[in-house]
Amino acid sequence: GINFDIDKANIKPESMGTLNMIVQVMKDNPDIKFEVDGHTDNSGAAAHNLTLSQQRANAVKDQLTKMGVDASRLTAKGFGDTKPVDNNATLEGKANNRRVEFVKI
């Protein structure tokens, strides 16, 4: 997956494998478009998390564009902490919630 440090929109280096796979999928399927959905854990205020999640989605969109994907094939949307995939009561759960997902549009 694509993960982030606490309260940051910098893509962690270990996320590059996933980004490379997305680029390849998009090269192999020139008609496909994705919405890049940014998410946070529940630390901090909801308004801050919404902004941070949008910054994360934008960071991924920007990185994919730098890697050769046409920006018109990507949209970015932040959801803050409203869609957790794991329990925010643990450090591991919080880390899993700091993520970006791809939704085919």
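1. Residues are numbered from 1 along each chain as its sequence is written. Because the model is predicted, local features need pLDDT of at least 70 and side-chain atom pairs count only at pLDDT 80 or more, while totals for chains, interfaces and linings use all residues; side-chain values use heavy atoms, without hydrogens and water.

2. Four strands make an open sheet: 4 strands in the order 1-4-2-3, with mixed pairing. Strands are DSSP runs of E, at least two residues, and helices are runs of H or I, at least four, numbered from the N terminus; two strands pair if DSSP finds at least two bridges between them. Strand 1 (2-3) and strand 3 (74-78) are at the edges with a single partner strand each, so one side of each has no neighbour in the sheet.

3. Strands 2 and 3 run parallel and are joined by 5 bridges. E35 stands opposite T75 in strand 3. Helix 2 (residues 46-66) packs on the sheet and touches strands 1, 2, 3 and 4 (contact: heavy atoms within 4.5 Å).

4. The structure holds 1 aromatic pair (Phe, Tyr or Trp rings, the six-membered one for Trp, with centres within 6.5 Å; planes under 30 degrees apart are stacked, over 60 edge-to-face, the rest tilted). F34 and F102 form this edge-to-face pair, 5.8 Å centre to centre with 75° between the planes. F34 lies in strand 2 (residues 34-38) and F102 in strand 4 (residues 99-104), 68 residues apart.

Technical notes. Axes are lines fitted to C-alpha atoms, for helices over the stretch in contact, and angles run from 0 to 180 degrees between N-to-C directions.
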